[in-house]
Amino acid sequence: MSVEITFETHSTSVDNEAGIASGWGDPALSAAGREQAAQLGERRRHDGIQAVFCSDLLRARETAEIAFGGRVAIAADPRMRECDYGTMAGSPAARVAAERPRRVGVRFPEGESLRGVANRVREFLGDVARDCDGKRILLIGHNATFMSLEHLLGGRALEEVAAAEFVWQPGWRYALEVR
């Protein structure tokens with residue numbers, strides 16, 4: 001069997017609008033982000049989503065609650081968090097993005113590496129495989145969550161994903177094979 005996964009990034013936060021890389025910081029959604037979350041709920045209303053899992057950071061939880069609250073069970077999990085940028089958290093997003101290719105196997109100062117993120121997402125996916133076999137689920141996370149999924153389920157090298165410019169789209173689909 002397998003788990004059908006749709007991944008969506010959290011909606012726009014106040015830090016996103018300011019061009020700041022939040023990392024494990026916990027900014028709220030902006031007004032535009034709240035509207036985007038409502039649109040996400042409408043876009044996915046008829047997709048047969050049986051469960052929603054999101055990062056435990058506020059911007060992802062708000063996205064999930066606005067989009068799916070009261071309709072689908074929502075579970076927040078810290079393994080879905082953005083990369084811990086350490087002392088670079090709060091830096092300009094462009095600076096952090098330029099640093100990512102060098103941080104696949106090397107931790108951000110006082111933070112974590114992108115491989116570390118992929119390892120915690122791998123652990124999360126193991127629990128999903130065990131608990132959600134045969135289901136259709138939606139994940140709401142961050143750029144580093146996306147990179148991890150592209151690596152773990154999309155078959156792309158983590159170095160390739162880290163070096164590529166992120167281009168938003170309305171969701172990515174993956175199949176998680178259950179053994």
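## A buried charge: Asp-84

Asp-84 is buried, yet it has no salt bridge. Here, buried means under 20% relative accessible area, exposed means over 50%, and partly exposed is in between (1.4 Å probe, protein chains only). A salt bridge would need a side-chain nitrogen of Lys or Arg within 4 Å of a carboxyl oxygen of Asp or Glu. The nearest side chain of opposite charge belongs to Arg-107, and that is 6.6 Å away. For charges, Lys and Arg count as positive and Asp and Glu as negative, while His and the chain ends are not counted.

So what does the side chain of Asp-84 have 2.9 Å from one of its polar atoms? The backbone nitrogen of Gly-86. Asp-84 also touches Trp-24, Phe-108, Glu-110, Gly-111, Glu-112 and Arg-120, not counting residues up to four places away in sequence; contact means heavy atoms within 4.5 Å.

## Where these numbers come from

This is a predicted model: local features need pLDDT of at least 70, side-chain atom pairs count only at pLDDT 80 or more, and totals for chains, interfaces and linings use all residues. Residues are numbered from 1 along each chain as its sequence is written, and side-chain values use heavy atoms, with hydrogens and water left out.

## Two loops

Asp-84 sits in the loop between E3 and helix H4 (93-99). One of its contacts, Glu-110, is in the loop between H4 and helix H5 (114-131). Helices (H or I, at least four residues) and strands (E, at least two) are DSSP runs, numbered from the N terminus.

Is Glu-110 buried or exposed? Glu-110 is exposed, with a relative accessible area of 69%. Its phi is near 60°, a positive value in a residue other than glycine. Most residues other than glycine have a negative phi.

## The sheet

Five strands make an open sheet in the order E3-E2-E4-E1-E5, with mixed pairing. Two strands pair if DSSP finds at least two bridges between them. At the edges are E3 (74-77) and E5 (172-177), each pairing on one side only.

E1 (residues 2-9) runs antiparallel to E5, joined by six bridges, and Ile-5 stands opposite Tyr-174 in E5. E1 also has six bridges to E4, this time parallel, with Phe-7 opposite Leu-139 in E4. Four bridges join E2 to E4, again parallel. Since five of the six residues of E4 are buried, E4 is largely enclosed by the rest of the structure.

Methods:
Polar contact = N/O pair within 3.5 Å; in protein donor to acceptor, adjacent residues only side chain to side chain.
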